[in-house]
Amino acid sequence: MSIIASARQQWLANPRRDLLAGTVVALALIPEAIAFSIIAGVDPAVGLYASFVIAVTIAFVGGRPAMISAATGAMALLMVTLVRDHGLEYLFAASILCGAFQIIIGLLKLGRYIRFVSRSVMTGFVNSLAILIFLAQMPELIGANWQTFALVGAALVIIYGLPRLTKAVPSPLVAIVLISGFVMMTGLDVRTVGDMGQMPSSLPIFHLPAVPLAWETFAIIAPVSATLAFVGLLESLLTANLIDDLTDTPSDKDRETRGQGIANILSPLFGGMAGCAMIGQSIINVTSGARGRLSTLWAGLFLLFLILVLQDWVARIPMAALVAVMIMVSIGTFDWGSVLKLRSTPFQSSIVMIATTATVVATHDLSKGVVLGVILSAVFFMRKVGKTVVVEEIETPEDGVLRYRVSGQLFFASADVFAAAFEHHGSPRRVEIDMTDAHLWDLTGVAAVDKVVFRYRKQGAEVEVIGMNADEQTLVERVGRHDKSHLPIGLSH
């Protein structure tokens, strides 16, 4: 596909659906950006400006069309201490350094390694964020009057009922417009977007962080920046994987990594904080029909238009309508099949999924849950692979001669199984170990071979290891401890 054809596909394949979906996203971004600003301890304008700059930037430089990036709660939680102890300017500096770290990671092409995150961890990630999205709506419902609950219910009826009649317009957008119109006409006493905080009234302006260019400044912001970079990329790349699955289209993870970095450098230069991909808004976008970059660009541009030109109208939007949209996102995001199939799913996969979900929900920290899930997946995998090494004794008519055939993977997790499989009694005069169907991976595997060889040689036997390939032979020659002049190594593959 030519560059022009590819650009047309990514930008103009279905502009109407992209624009409508981006409109819904922009409306849903406002209360979220304000709330995340409050969490971080900064003015609402910081979150709103960040959401505008990041969304517009990532539309051009990101690697996943139709994914929404903006200010997020996961990132805001990491900024609290820095803002409290050093102030907003240090947050701007930390955000720029965060972007620089992400660009470096992208240039090193490390983003592609997100594929090593197992499906069980992905499921746990998705389910935990669905739960957190739902729990985030509770402050708007706990202690609310009956009118609020009635509006949420009515909005949900519209959201789920309208698609049965027509899909020409995204049902969440219709719900927001109708519920807002009803509240404005009746004057119901319910909480609105304006109650969340004061929106800015001017365009963001270019601003360099007012911090000393000194090593001390770097020492203060570097740990925060590194954490922001890691968490931001983790959430962004996992969200990209989810959108890949939902749309059945691929994305460029390394480009997305670099794009996140560029966006996080530009955001603080215009008064915003660092951000990353938003799973909730991304789900809203694609379920509303968006597939192209235009939806992300329009979400950012329309967000700025809303807060600067239509802020008086936006301030009157009832939170109940937006809560209903986010509840819809929560329900749609959660993988209900993962719960229904717990009994038929392999036990270890279920443990990884549940542990990831529980950790993220308990700590509200995506990185802790995903890292735990990855570690558990690796441990279970190594235990499984470690049991696959098989040592088989081959019958031979020669007295005093033992022959063994080894198959499977020989590394640190399987070394003990390998060593224990040999018979170390009697007085064989010759032992032959065929490694043709095995693969020797690491130092522990070499040490296991050493152990077996030494035991037989102490009994006076001549030991021959055959079937190692060139790489395995080189590894043995470099780090093996036995006297190789008395240990022929045959090359059979």
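**Entry 1: the largest pocket**

I began with the largest pocket: 34 residues line it, and Glu32, Phe36, Gly73, Leu132 and Ala136 lie nearest its centre. The model is predicted, so I note that local features need pLDDT of at least 70 and side-chain atom pairs pLDDT 80 or more, while totals for chains, interfaces and linings use all residues. Residues are numbered from 1 along each chain as its sequence is written, and side-chain values use heavy atoms, with hydrogens and water left out.

I worked on a 1 Å grid over the protein atoms alone: a pocket is an open set of points with protein on both sides within 12 Å along at least five of seven lines, a cavity is a set where a 1.4 Å probe fits but cannot get out, and lining residues have an atom within 4 Å of a point. A volume is the space filled by probe spheres set on the points, which are joined across faces, edges and corners.

The largest pocket comes to about 810 Å³. Two or more lining residues come from each of H2 (15-40), H4 (73-86), H6 (119-136), H7 (138-141), H12 (279-287) and H15 (319-333). Helices here are DSSP runs of H or I with at least four residues, strands are runs of E with at least two, and both are numbered from the N terminus. H2 gives the largest share of this lining, seven residues. I sorted the lining by class and got 23 nonpolar, six polar and five charged residues. Nonpolar covers Ala, Val, Leu, Ile, Met, Phe, Trp, Tyr, Cys and Pro; charged covers Asp, Glu, Lys and Arg; the others, Gly among them, are polar.

**Entry 2: the second largest pocket**

The second largest pocket holds about 480 Å³. Of its 25 lining residues, Leu246, Ile283, Thr287, Met328 and Gly332 are closest to the centre. I found at least two lining residues from each of H6, H8 (146-165), H9 (171-186), H10 (215-247), H12 and H15. The classes are 13 nonpolar, seven polar and five charged.

**Entry 3: cavities**

I searched the whole structure and found two cavities of 30 Å³ or more. The largest cavity has about 60 Å³ of space. Its lining includes Ile58, Ala59, Glu256, Arg293 and Thr296. H3 (44-61) and H13 (293-308) each supply at least two of the lining residues.

The second largest cavity has about 40 Å³. Glu140, Leu141, Thr148, Val190, Arg191, Met319, Ala320 and Val323 line it. H7 and H15 give two or more residues each. The largest share, three residues, is from H15.

**Entry 4: cysteines**

I looked for disulfides, pairs of cysteine sulfur atoms within 2.5 Å, and the count is zero. Cys98 is in none; its nearest cysteine sulfur, in Cys276, is 9.0 Å away. That distance is too far for a bond. Cys98 is buried at 0% relative accessible area, and Cys276 is also buried at 0%. Buried means under 20%, exposed over 50%, and partly exposed in between, with a 1.4 Å probe and protein chains only.

**Entry 5: the sheet**

Four strands make an open, mixed sheet in the order E3-E4-E5-E6. E3 (390-394) and E6 (462-466) are at the edges with a single partner strand each, so one side of each has no neighbour in the sheet. Neighbouring strands are turned by 20° against each other on average, direction ignored. Strands pair if DSSP finds at least two bridges between them. Five bridges join E3 to E4 (401-410), and the two run antiparallel.

Note on methods
Axes are lines fitted to C-alpha atoms, for helices over the stretch in contact, and angles run from 0 to 180 degrees between N-to-C directions.
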